[in-house]
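I opened these notes to record, step by step, what I looked up in the structure below.

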Amino acid sequence: MSSYTLPKSRSPLYYILLALGALVVSIGLYAMQQMEHHGHIITGMNNQIVWGMPHVFAIFLIVAASGVLNIAAIGSVFGQTVYKPRAPLAGMLSIAMLAGGLFVLMLDLGRPDRIIVAATNFNPTSVFAWNLPLYSGLFTLVALYMWTLLEKRMNCWIKPVGLVVFTWRILLTTGTGLIFAFLVARQAYGSALLPPMFIVMSFGWGMAVFFLVQAAIYKWNDMDEDSVILNRMKNLLGIFVLASLFLVAIYHLTNLYFAKQTEFEHFILRDGGIYPVLFWGGYVMLGSLLPLLLIFHSSLGKIKCVVAASMLVILGSFALLYVFILGGQSFPLSIFPGFEVSSSFGDGAITHYHSSVWEVMLGMGGLGVAFIITVIGIRVLDFVPHDLPNK
Amino acid sequence: MSDMNMDRRNFLKTSVGAAAVAIAPGMLLFQVAHGSTAAASSKVRWGMLIDTALCKPGCNDCVTACNKENGLSGGTAATDSQWIRKIEIKDINSGRPVSLPMMCQHCENPPCVDVCPTNASFKRADGIVLVDKHRCIGCRYCMMACPYKARSFVHEPLSDQHPDVPRGKGTVESCTLCVHRIDQGGKPACAEACTNHVILFGDLNDPSSEIAQKVHSVSSTQLRADLKLNTGVRYQGL
């Protein structure tokens with residue numbers, strides 16, 4: 001391991017990338033400073049839409065951080081050999097994205113200075129509180145898992161530790177889904193379908209991120225991807241995209257079936273302005289159907305198509321999260337079913353959300369954190385997937 | 001050696017005496033200002049019965065009183081705190097209009113308390129749901145969880161706060177049922193200000209109280225009763 005060097009990792013590009021990442025993180029920190037100084041009044045969030053763009057970024061990163069571990073699990077737990085050389089990179093990407101997601105989530109708090117309060121006061125009935133040990137546990141377990149992967153003497157522990165990591169990541173994404181599933185107040189949430197939906201979505205999102213990073217590493221090191229392996233992995237991405245689409249469709253169809261939910265579904269799927277546009281155009285068309293075409297069409301499916309499909313899946317995931325989080329909160333609470341409602345506090349009315357530049361900057365800061373950790377990780381350790389011939 | 005011990009004893013005696021003299025007036029003044037400091041009793045369940053038939057559309061006296069009592073700006077932007085608000089509703093089928101005040105419903109099983117990661121949201125023994133401003137980290141999960149949209153987030157720096165009603169930028173807040181008044185034997189500012197006698201405040205657990213007797217004698221409803229939160233605030237005439 002000590003003799004390992006990547007040909008391109010010594011190039012100025014590494015430092016340029018690092019500087020770029022640091023700049024993006026600085027932008028995020030500056031946004032946080034402004035939000036803490038002036039208060040959340042400078043954001044687009046308010047008393048109806050209490051979670052905004054930062055949460056779209058944070059939840060994407062946390063869900064993808066968990067999903068990317070599937071690559072590792074398929075190799076270490078389920079014994080698929082082509083995935084085994086990819087496990088270290090998957091582990092590192094998981095840590096990077098989880099750190100990025102938590103960066104955004106914590107710095108968006110009204111009182112981020114009180115994070116020690118969150119660490120020392122634990123409400124056992126709060127799924128938010130459950131998530132804290134799940135996050136810190138994932139950091140620890142993935143670090144341990146990577147040790148078993150990278151240290152030859154520890155290789156015998158790969159499978160049992162991999163199994164624990166796999167179980168933990170399923171629990172973590174269940175926890176993320178439960179944050180919404182446990183909400184009885186708002187019509188968009190409060191569904192037992194959400195945890196499995198988040199788990200299935202995490203498979204596709206994590207894999208899409210993995211494809212992009214792997215393609216970039218291969219490109220910068222003048223390496224070619226094995227077409228057989230690429231074919232197997234892209235087909236799996238396609239299956240994950242299809243499975244996500246299926247669960248999202250079931251979620252909306254069950255809602256449409258309940259009369260009390262119909263108005264909300266009409267808002268999200270037809271009448272809600274930006275939300276139907278993002279749902280159908282962003283998630284369904286660009287984020288699901290087009291990637292499926294790029295992956296499965298017989299004349300397509302080459303590396304450029306897979307990279308494009310991965311980018312589109314990520315774009316679609318942001319569109320879906322925007323609809324789910326912002327659209328779900330824009331719709332008024334049903335406090336008086338069967339009545340027309342109005343008040344000075346927005347009761348009975350659709351709330352319009354306009355994201356502020358500060359929120360986007362904070363979210364980008366989270367991406368920057370994940371990017372920096374990835375760049376440093378690739379530089380310091382051997383995360384390049386080395387495939388054996390004819391595998 | 002014994003001289004030294006005597007000196008030490010004298011020094012300690014003087015110090016304790018000086019500390020007592022320094023602290024006693026403060027304690028006395030605190031007692032005068034705050035009355036009894038006895039813990040809230042679980043034998044009591046504070047609540048309200050709101051008679052919507054008496055509530056006048058356009059009348060905002062309860063809202064004005066709440067804002068004044070608690071040092072709220074009275075602004076109605078989407079980012080302003082509103083601990084109590086007037087809601088106008090109209091039956092979609094019959095067209096019957098109803099006007100009513102809406103605030104924290106002080107649930108027996110409050111979702112805000114369930115979801116709060118730091119126990120900042122809590123329920124007192126007497127049923128009043130509050131936010132500990134020193135523990136709130138501003139995650140706003142309670143605002144997502146409240147079925148009544150009763151909570152506000154402090155979006156801006158604050159000034160001219162009332163000493164009895166501490167608030168904090170970056171934390172969540174809501175109707176406290178004027179707990180500082182209740183603890184001194186008073187009643188919430190909104191109930192006191194309502195000249196139409198819409199808001200009846202009292203102890204739901206005390207069979208001799210006016211509110212308990214009325215809840216037993218008239219038909220009242222809890223908002224979102226399907227959620228089985230057992231609210232402390234009931235509505236009559238809905």
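Predicted model: local features only at pLDDT ≥ 70, side-chain atom pairs only at ≥ 80, totals over all residues.

I then looked up the overall dimensions, and the C-alpha trace of chain A spans about 70 × 50 × 40 Å along its principal axes. I checked the radius of gyration as well: chain A has 21 Å, and this agrees with a compact globule because such a globule of 391 residues would have a value near 21 Å.

Next I turned to the contacts within chain A, and among those with a separation of 6 or more, I noted that 78% join residues 24 or more positions apart.

For the secondary structure, I listed 13 helices and one strand in chain A; reading from the N terminus on, I wrote the order down as α-α-α-α-α-α-α-α-α-α-α-α-β-α.

Which residues of chain A meet chain B was my next entry, and I found 40 residues of chain A in contact with 44 residues of chain B. On the chain A side, the elements that give two or more residues are α5 (115-120), α6 (127-150) and β1 (339-343), and the largest share, five residues, comes from β1(A). Sorting that side by class, I recorded 19 nonpolar, 16 polar and five charged residues.

Last, I followed β1(A) across to the other chain, where it pairs with strand β2 (residues 84-91) of chain B in the antiparallel sense over five bridges. Within this pairing I looked up E340(A), and its bridge partner in β2(B) is K90(B).

Technical notes
Residues numbered from 1 in each chain as written. Chains lettered and ligands numbered in written order. Contact = placed C-beta atoms within 7 Å. Helix = DSSP H or I, 4+ residues; strand = E, 2+ residues; numbered from the N terminus. Nonpolar A, V, L, I, M, F, W, Y, C, P; charged D, E, K, R; others polar. Pairing = 2+ DSSP bridges. Rg over C-alpha atoms; globule rule 2.2 N^0.38 Å.
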